[in-house]
Amino acid sequence: MLHGGLVPHRPYIVSGPPGSGKTVLAMQFLLEGVQGGERCLFVALEEPPNEIKQNMRAFKWVADDVEILDANSDIRRFEPTPVIEISTEVEPARMRDIEDRIRKTPDFESHEVSVHSLQQLLKTLFIKRRYDRVVIDSITALKYFCMREFEESLTTQSFMRFLAESKVTTVLVVELPEEGQAPPESFLARGEIRLHKLRDESGIRRFISIEKYKGSSHDEFVYPFEIHSSGIVVQVADAGQAPAA
Amino acid sequence: MDRVSTGVPGLDAMLGGGLVPARPYVVSGPTGAGKTILAMQFLAAGLAKGEAGLMVTLDEPPNEVKANVVAFGWNLDRLKILDATPDIKAHKRQRSVIDVGTTMDVRDMDQVGEIRQSSQIRAMEVSIHGVQKMLKQEFFQREERTREKYKRIVVDSITALKMFSMAGEDSRIMIQSFMRFLAELEATTLLVSERLNPKILETEFFLCRGEIRFHKSLDGNVIRRAVSIEKFRGSRFDSRVRPMSITNQGITVDPQGVVAMTGGHLAALGEEYLEQRLGDEVTTVIEAVLKLIEDAHRMRMAVTDVEHAISRATLQLQRRHYQKALKTALHAQAVIRERLEKARQGPPPPPPPQPPPQGVPAPGVRR
């Protein structure tokens, strides 16, 4: 559909409503990289890493070498003591080293992830070693939870600019509401892969489309896809029709 | 993998055995769809296996919760219920509100009596902080007392928690933090959520690890109930909408049953997408007709009615009545084409107009 794949070193968006398969697609993108000997980083903002690890067991994947950065904010404290931002010395962990249980918020301090600290941290990581593929899951969580004192769209834009300048191929996961307008971050990326979720008599039918792809030709059609135990499989052979309900 | 039963065998079958433990889930649906019943059934199933359960009620006072489930005959005596319904607000000048967290009220279901009377002097107000603190205290006190953790927690409802208790707070961040808190308790949690507006992405829907959605539709004068799994991380699941009913046993789901997709809201999921396509179609047709109108003007033909029709179609398009707009536009197109055709055949031969652009016939026109 993308006529060969993504143009490297640019940020892309994978968008779709909850349950449409975005995280699976993002993870599959990293897995492909790991198999080619590339260094891959998954920045988790929505789910704790232990759950991601567990979820990926349902697929027949060898994801041990994907690195995960736990950027989930701790439980917030209500006391007026200042919160500690995620430190810039945090290291991502390899998938195989992720523990089975959730990390507990310590009793006396809690880490809060802010867009600023996350950006700093990624910057240090990118200087230390070259990552080939990075996934941010999700930009929506970053926008909702990590921008307490920032202006949302400007900050998102600057964050994406930062990713573009870091010369890493990045997949940004964006949550869409089930109906209505796409959020403004879609306009900022170099390309958007959108996942659609439709219901009909046979259950949920999933579709994938390329909404935008700068610097390359791409298919205009909407194709159906399925989530198998090997991951997402797009059926490019039969052009999907929007089902007449 | 271990699974946690929802207490509804049919639903467990849809979930591929049950819920993945120690995670928060959302139960959504319109009012009266059975969300609270499912939540209670889930807790009852836990109690039957000796798993401790805790119900946090914000919508109804505990005495009503108790009365409502009597009909099902579940043994819920050992269920802990935490009353987080806010008091009548005291409208006084000075701040006389005390947080629910400081006077917590957790009791066994069999201890639940009358409705708690709001105190004359001070009113309790619920805050997410208060609820969280109360939950935490109760959770750890129980662990100390009985060396046993709560395995199942229900929050009924997260919508109420958001509405009453977050005045002045950033509710997205508070919900994120609350769900993180629930995940760290390592109990399987059901968050009851009223679906208010599908156009707004509510935090709990994308942070939850799965969503069970109830549907309710009117078929003639019978209420039809159905249930579907919208999202379920880390497991395969049955993605169809399955019929369910509420009997004196509680909720039963027929995991083999088929729901006719005629009900308006069931099809609503793909609607926006189709509407967008349809909107594009209408725009194409309107543009084509506008070109034809220009041609007609050049030939000095009277086409006022078509112009009216097209402005009506534009208005309908703006009001998002896509089907109507499409119909109006297509009709106008047919009329003006026919008229142009006639004028062209009749003498004197007019200057050759441009071939009219083809209006694309709409696929999937519904209703």
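**From contacts to a helix pair**

Author: In chain A, 77% of the contacts between residues at least 6 apart in sequence join residues at least 24 apart; two residues are in contact if their C-beta atoms, placed from the backbone, lie within 7 Å. The model is predicted, and local features need pLDDT of at least 70, side-chain atom pairs count only at pLDDT 80 or more, and totals for chains, interfaces and linings use all residues. Residues are numbered from 1 along each chain as its sequence is written, while chains are lettered from A and ligands numbered from 1 in the order in which they are written.

Chain A contains five helices and 12 strands. These are DSSP runs numbered from the N terminus, with helices (H or I) of at least four residues and strands (E) of at least two.

The part to look at closely is in chain B. Helix α9 (residues 304-318) of chain B packs against helix α10 (residues 322-345) of chain B at an angle of about 160°, and their axes are 8 Å apart. An axis is a line fitted to C-alpha atoms, for helices over the stretch in contact, and angles between N-to-C directions run from 0 to 180 degrees. α9(B) and α10(B) are therefore roughly antiparallel. Angles over 145 degrees count as roughly antiparallel, under 35 as roughly parallel, 65 to 115 as roughly perpendicular, and the rest as oblique.

The crossing of α9(B) past α10(B) is left-handed, that is, the near helix is turned anticlockwise from the far one by less than a right angle; clockwise would be right-handed. On the α9(B) side, the contact residues include B:Val306, B:Ala309, B:Ile310 and B:Ala313. From α10(B) come, among them, B:Ala325, B:Ala329, B:Ala332 and B:Val335. The contact of α9(B) with α10(B) is made up of 11 nonpolar, three polar and two charged residues. Here Ala, Val, Leu, Ile, Met, Phe, Trp, Tyr, Cys and Pro count as nonpolar, Asp, Glu, Lys and Arg as charged, and the others, Gly among them, as polar.

B:Arg300 is not a glycine, yet its phi is positive, about 55°. Most residues other than glycine have a negative phi, and most peptide bonds are trans. B:Arg300 is exposed, with 8 other C-beta atoms within 10 Å; exposed stands for 12 or fewer such atoms, buried for 20 or more, and partly exposed for a count in between, with C-beta atoms placed from the backbone.

A second residue of this kind is B:Glu186, with a positive phi near 60°. B:Glu186 belongs to the loop between α6 (171-185) and β8 (188-194) of chain B.

B:Ser157 is in the loop between β7 (150-156) and α5 (158-165) of chain B.

B:Asp156 is also in contact with B:Ala39. B:Ala39 is one of the residues with the most contacts inside the largest nonpolar core, which has 76 residues. Such a core is a set of buried Ala, Val, Leu, Ile, Met, Phe, Trp, Tyr and Cys residues joined through C-beta atoms within 7 Å.

Definitions and conventions: Lists of a residue's contacts leave out its neighbours within four places in sequence.
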